[in-house]
Amino acid sequence: MNLLLYGPPGSGKGTQAEMLHSRFGIPHVSTGDILRSEVAAGTPLGLKAKPIMAAGGYVPDDIMVGIIRNRLVEPDAVSGFILDGFPRTIPQAQALDVLLTELSKAFDRVVYLRVDTDELVKRLAGRMTCPVDQRTFPPSTAACPEHGVKLVQRDDDKPEAVKKRIEIYLEKTLPLLDYYSAKQLVSEVPGVGTIDEIHSRVLSALEHAKVMN
Ligand code: ADP
């Protein structure tokens, strides 16, 4: 099963992708997580990506396509994958189509987690992150309930970066909806409600589209 979780920043793609990963045993491929681990390791790619990410911008397409190419040929991706955060631009989507064809693969479904802009700003601005496993918590949470450490604010969850992330999403990423709708791949799922409610909606969408057997 090859899935794309599509949606604006803060729509909950990462959370839902993890739940699908647990359920179906296929890898959750998050380009945001890959970039953050490069930044943490201080690799040349990480050094380049760090200021771009902190400002809420997009890392150049050629770099992102290279990352995804390396990841999708890993053995664990043979029986399927859940993409989260890639593609984010039309050139990335076009390059991905070429890559998938080369690998004799195709998307089974694109799940669109729909959340209005007002709600996104509310969720992202002030959201706190556990430095150990990157889980996120509401603004007033002081410490990670699991790891007991003080929560931090991701650079790109600061107000200026949040604004930029939403703007760039509307400009560069929203056009992907038309791109995949034209291929009749998109299932739209309302991204508000509890995490479990949204997960059930995602599963019904996959069932409805006959992706799940
Ligand atoms: P979110 O979806 O909440 O914005 P992510 O963790 O998916 O967060 O991504 C964090 C940042 O990593 C993005 O704001 C961007 O700078 C960079 N990034 C991730 N994926 C891509 C991509 N496909 N193209 C360009 N930049 C990306």
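Colleague: At roughly what angle do the axes of helix α2 and α4 cross?
Modeller: The model is a predicted one, and in it helix α2 covers residues 31-41, with an axis that comes within 11 Å of the axis of α4. The angle at which these two axes cross is roughly 100°.

Colleague: Are α2 and α4 roughly parallel or roughly perpendicular to each other?
Modeller: The axes of α2 and α4 cross at roughly 100°. Angles from 65 to 115 degrees count as roughly perpendicular, and therefore the word for α2 and α4 is roughly perpendicular.

Colleague: Which residues of α2 and of α4 make the contact?
Modeller: The axes of the two helices come within 11 Å. On the side of α4, the contact is made by Met64, Ile67, Ile68 and Arg71, and on the side of α2 by Thr31, Ile34 and Leu35.

Colleague: By class, how many residues in the contact of α2 with α4 are nonpolar?
Modeller: The contact joins Thr31, Ile34 and Leu35 of α2 to Met64, Ile67, Ile68 and Arg71 of α4. Sorted by class, this contact has one polar and one charged residue, while the number of nonpolar residues is five.

Colleague: Is the crossing in which α4 passes α5 left-handed or right-handed?
Modeller: The residues of α4 that meet α5 include Met64, Val65 and Ile68, and those they meet include Ala95, Leu96 and Leu99. The crossing in which α4 passes α5 is right-handed.

Colleague: Which parts does the pair of Phe81 and Phe107 tie together, and how many residues apart in sequence are they?
Modeller: Phe81 and Phe107 form an aromatic pair that is edge-to-face, with 6.5 Å from centre to centre and 75° between the planes. Phe81 lies in strand β3 and Phe107 in the loop between α5 and β4, so the pair ties together parts whose separation in sequence is 26 residues. Both Phe81 and Phe107 are buried, and the parts asked about are strand β3 and the loop between α5 and β4, 26 residues apart.

Colleague: In which helix does Tyr180 lie?
Modeller: Phe107 also pairs edge-to-face with Tyr180, at 6.0 Å centre to centre and 80° between the planes. Phe107 lies in the loop between α5 and β4, so the pair ties together parts that are 73 residues apart in sequence, and the helix that holds Tyr180 is α8.

Colleague: Which residues form one aromatic cluster?
Modeller: Phe107 pairs with Phe81, and Phe107 pairs with Tyr180 as well. Together with one further residue, Tyr179, they form one aromatic cluster, whose members are Phe81, Phe107, Tyr179 and Tyr180.

Colleague: Is Gln184 buried or exposed?
Modeller: Gln184 is found in the loop between α8 and β7, and it has a positive phi of about 55° although it is not a glycine. Its relative accessible area is 64%, and because over 50% counts as exposed, Gln184 is exposed.

Conventions
Residues are numbered from 1 along each chain as its sequence is written. This is a predicted model: local features need pLDDT of at least 70, side-chain atom pairs count only at pLDDT 80 or more; totals for chains, interfaces and linings use all residues. Side-chain values use heavy atoms; hydrogens and water are left out. Rings of Phe, Tyr and Trp (its six-membered ring) pair if their centres lie within 6.5 Å; planes under 30 degrees apart count as stacked, over 60 as edge-to-face and the rest as tilted. Helices (H or I, at least four residues) and strands (E, at least two) are DSSP runs, numbered from the N terminus. Buried means under 20% relative accessible area, exposed over 50%, partly exposed in between (1.4 Å probe, protein chains only). A crossing is left-handed if the near helix is turned anticlockwise from the far one by less than a right angle, and right-handed if clockwise. Contact means heavy atoms within 4.5 Å. Axes are lines fitted to C-alpha atoms, for helices over the stretch in contact, and angles run from 0 to 180 degrees between N-to-C directions. Angles under 35 degrees count as roughly parallel, over 145 as roughly antiparallel, 65 to 115 as roughly perpendicular and the rest as oblique. Ala, Val, Leu, Ile, Met, Phe, Trp, Tyr, Cys and Pro count as nonpolar, Asp, Glu, Lys and Arg as charged, and the others, Gly among them, as polar.
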